[in-house]
Amino acid sequence: MTECEGPRPIEELTFREAMAELDGIVGVLESNTLELEESLGSYERGVALLAALQSRLTEAQQKVDVLMGELVADADDAARDATLS
């Protein structure tokens, strides 16, 4: 990818790539080296990255909750089966 193509769409980034890009944006914004317009563009991209990352984390947490619920249900079923015999 060349510089003139711009940043990759957020949905194409892996979680790790999105985190790295967000970290880079934070570093650049904290360095206070950008012009106002560049800062605003970077800030907007950072907000979009953060929203996407939060969404992915929420989705992952929901999947973990479902899996944990299945484990608890399986354990309860095994305990019930043992008391029936």
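Visitor: Which helix does L57 lie in?
Guide: In this model, which is predicted, L57 lies in helix α2.

Visitor: What does L57 form on the surface with F15 and M19?
Guide: Together with F15 and M19, L57 forms a nonpolar patch on the surface, and the accessible area of the three together is about 270 Å².

Visitor: Let's step back, how many helices and strands are there?
Guide: The secondary structure of the protein consists of two helices and zero strands.

Visitor: Which residues make up the largest nonpolar core?
Guide: That core has seven residues in all, namely I10, L13, A18, L22, I25, L49 and L53. Both α1, covering 15-31, and α2, covering 36-84, supply at least two residues of this core, and α1 gives the most to it, with three residues.

Visitor: What is L53 in contact with, leaving aside neighbours within four places in sequence?
Guide: With those neighbours left aside, L53 is in contact with F15, A18, M19 and L22. Of these, A18 and L22 belong to the largest nonpolar core along with L53, while F15 and M19 belong to the surface patch with L57.

Visitor: How much of the whole protein counts as buried?
Guide: Of its 85 residues, 12% count as buried. The accessible surface of the protein comes to about 6,800 Å², and carbon and sulfur atoms account for 59% of that surface.

How values were computed
Residues are numbered from 1 along each chain as its sequence is written. This is a predicted model: local features need pLDDT of at least 70, side-chain atom pairs count only at pLDDT 80 or more; totals for chains, interfaces and linings use all residues. Side-chain values use heavy atoms; hydrogens and water are left out. A nonpolar core is a set of buried Ala, Val, Leu, Ile, Met, Phe, Trp, Tyr and Cys residues joined through side-chain atoms within 4.5 Å. Buried means under 20% relative accessible area, exposed over 50%, partly exposed in between (1.4 Å probe, protein chains only). Helices (H or I, at least four residues) and strands (E, at least two) are DSSP runs, numbered from the N terminus. Contact means heavy atoms within 4.5 Å. Accessible areas come from the Shrake-Rupley method with a 1.4 Å probe; for residues, only the protein chains shown count as cover. Patches are made of residues with over 30% relative accessible area and no salt bridge: like charges are joined within 9 Å, nonpolar side chains (Val, Leu, Ile, Met, Phe, Trp, Tyr) within 5 Å. A salt bridge is a side-chain nitrogen of Lys or Arg within 4 Å of a carboxyl oxygen of Asp or Glu.
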